[in-house]
Amino acid sequence: MFTSLSQGNHSAMNPSGPALYDAVLLDRDGTLVEDVPYNGDPEKVRPLPGAREALDRLRAAGLRLAVVTNQSGLARGYFTERDMHAVHARIEELLGPFDHWAVCPHDDTDGCGCRKPAPGLVHEAARALGTAPRRCVLVGDIGRDMAAALAAGATGILVPTPVTRPEEVAEAPAVARDLPGAVDEILRRDRAVRPVVPRTGRAGTVLVVRSDSAGDVLVTGPGIRAVAAGAERVALLCGPRGRAAAELLPGIDEIIEWPLPWIDGSPEPVDPDDMRRLTARLAAVGAEEAVVFTSFHQSALPLALLLRMAGVPRISAISDDYPGSLLDVRHRVPVGVPEPERALSLAAAAGFALPAGDEPALRLRADLPAPAVDSAAGDYLVVHPGASVPARACPPERCAEIVAALAADGHRVLVTGGPGERELTARVAAAGGTDLGGTTDLAGLAQILAGARCLVVGNTGPAHLAAALGTPVVSLFAPTVPFGHWAPYRVPTVRLGDAGAACRDTRAARCPVAGHPCLSGVDPARVVAAVRRLAPG
Ligand SMILES: [Zn+2]
């Protein structure tokens, strides 16, 4: 039931750990060359500034290149296939060779699976280049490009032009000023997850730390696996809300559960005796080093002090604040990096890399017992209406409308939720789904998600659980935190919700805007369409 997502050894071009990407897919018009509508004339090809040099840097890094382009001018008879090939020959003359050209010749009315925002061209290009979409990054200038990348499970970087709409910029997982800027970002991200100085031998016991909720622990999984690959033994310190997720992750030998009052959203007062007990507990681990994983708004320094008092000789953490002698490896990460890569980059700074063949994706233990859940048989979707943070939950009445719309489209819908969400799931499921609220623990939920065609969920733990299982996600994403940091990682995704709503980047736990407009306006018909895009047939 629990399958490993690692797919062979892709690390040929990088000696120290698998690279993030094998290939870069590029939109044509407005990204590589000036957008001349329905151009069938090679004389009108004008490369965008810096394109040739930027592409050559990708080629030099060993990345394969493909063009993914909608050319509805073919369907409309504005130019012939021969004209188009002449244009492409001219582009290669000016910009150098591409390893593949993926072209959609259809029109919007054809209902094909290749015209962006559908993911077909991304699948085609990845296949032609001998890789998987999740190991590809797509650079394009409009929302359709980003949507196609996400729906295939690829990374997207938007390079806006004056015609790119503001809402497309707001929705994008990442934005660069132009193609050379996108290439900088691709190469920087790839470098960041591989140690500058790889270890020569294994470390003994390493204490890794990730407080907060299930989702936070799940997205740290690749970083923990990197540490585990270079250590004899890994102990994880996590909080009570992250414990169940920690039990699902590979690479952990011992779990220490302890709430940290400087991390929790509604913390207990600091109790000196509790801190003394925690320090003694940490000392008893006998760790020769510690790697403290945090989110960008959390401080690693209070725990670093306790770890010092517990006698841990080497401590690595991300800290913008000056750490003095609290840290041996002080790592810093620019904004806009996905959380799993942020964690991997800290592991890399400490000298740990994923082993060859371990994909930089979320993953669960392969040896988990599969609890029997009768409901999880056959063909179904899952709607998970709750969220650990209220501002990230779609309103119940809207979730009920989504369930009704999916049921009307012929889907069997299971509605899931924790023990405290039974009232919510009963209300939402009454619209046409099966209520499974409170019937599973996190491992049981994982089993249900593993068999689902698709999960409809807000930005909360189960989204990352689905990502770890390879189950596509319709993400009802409140923009209170950046989508690029917290999107389901490397799994086919459709983003819905108003990315430009007034709550954007507030990190609010309760929606600060009357009516919760970022999610209350999600059109159930768009959820139905998203499911069709992610799980056709
Ligand atoms: Zn097509």
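Biologist: Hi! Which strands does helix α9 (residues 221-229) lie across?

Modeller: Hi! In this predicted model, helix α9 lies across β6 (203-210), β7 and β9 (289-293). Its direction makes about 150° with that of β7.

Biologist: And what does helix α12 touch?

Modeller: Helix α12 (residues 301-309) packs on the sheet as well, where it touches β6, β7, β9 and β10 (314-318). The angle between α12 and β10 is about 175°.

Biologist: Let's look at that sheet. What is the order of its six strands?

Modeller: Reading across, you go β8-β7-β6-β9-β10-β11. The sheet is open, and its pairing is parallel.

Biologist: Which strands stand at the edges?

Modeller: Those are β8 and β11 (329-331). Each has a single partner strand, so one side of each has no neighbour in the sheet. From one strand to the next, the twist averages 15°.

Biologist: Over how many bridges do β7 and β8 pair?

Modeller: Four bridges, in the parallel sense. To find one on screen, look for Ala235, whose bridge partner in β8 is Glu254.

Biologist: What does the side chain of Glu254 meet in a salt bridge?

Modeller: The side chain of Arg233, at 2.8 Å from N to O.

Biologist: Is Glu254 buried or exposed?

Modeller: Buried, at 19% relative accessible area. The cut-off for buried is under 20%. Arg233 is partly exposed, with a value of 28%.

Biologist: Which residue does Asp216 form a salt bridge with?

Modeller: Arg210, and the closest N and O atoms are 3.0 Å apart. Asp216 is buried at 8% relative accessible area, and Arg210 counts as buried too, at 2%.

Biologist: How about Arg365, what does it pair with?

Modeller: Arg365 and Asp367 meet in a salt bridge through their side chains, at 2.9 Å from N to O. Asp367 counts as exposed, at 54% relative accessibility, while Arg365 is partly exposed at 26%. There is also a network, in which salt bridges that share partners join Asp22, Arg134, Arg135, Glu359 and Arg490.

Biologist: Changing topic: what is the order of the sheet with five strands?

Modeller: That open sheet runs β3-β2-β1-β4-β5, again with parallel pairing. At its edges stand β3 (100-104) and β5 (155-158); each has a single partner strand, so one side of each is left without a neighbour in the sheet. The twist averages 20° from one strand to the next.

Biologist: Which strands does helix α4 lie across?

Modeller: Helix α4 (residues 120-128) lies across β1, β2, β3 and β4 (136-140), at about 160° to β3. Helix α5 (residues 143-152) lies across β2, β4 and β5, and runs at about 170° to β5.

Biologist: Now helices on helices. At what angle do α14 and α15 cross?

Modeller: Roughly 40°, with the axes of α14 (residues 396-408) and α15 (residues 422-429) coming within 8 Å. That makes α14 oblique to α15. The crossing is right-handed. On the α14 side, the contact is made by Pro396, Glu397, Cys399, Ala400 and Val403; on the α15 side, by Leu424, Arg427 and Val428.

Biologist: Last one: how many residues of helix α16 are buried?

Modeller: Seven of the nine, so α16 (residues 442-450) is mostly covered. The buried ones are Leu442, Gly444, Leu445, Ala446, Gln447, Ile448 and Leu449.

Biologist: What covers them?

Modeller: The cover includes helices α8 (214-219), α10 (243-246) and α17 (461-469), along with strands β12 (381-384), β13 (413-415) and β15 (455-458).

Note on methods: Residues numbered from 1 in each chain as written. Predicted model: local features only at pLDDT ≥ 70, side-chain atom pairs only at ≥ 80, totals over all residues. Heavy atoms only, no water. Buried < 20%, exposed > 50% of the residue type's maximum accessible area, 1.4 Å probe, protein only. Helix = DSSP H or I, 4+ residues; strand = E, 2+ residues; numbered from the N terminus. Contact = heavy atoms within 4.5 Å. Pairing = 2+ DSSP bridges. Axes fitted to C-alpha atoms, helices over the stretch in contact; angles between N-to-C directions. Salt bridge = Lys/Arg side-chain N within 4 Å of Asp/Glu carboxyl O. Parallel < 35°, antiparallel > 145°, perpendicular 65-115°, else oblique. Left-handed = near helix turned anticlockwise from the far one by under 90°.
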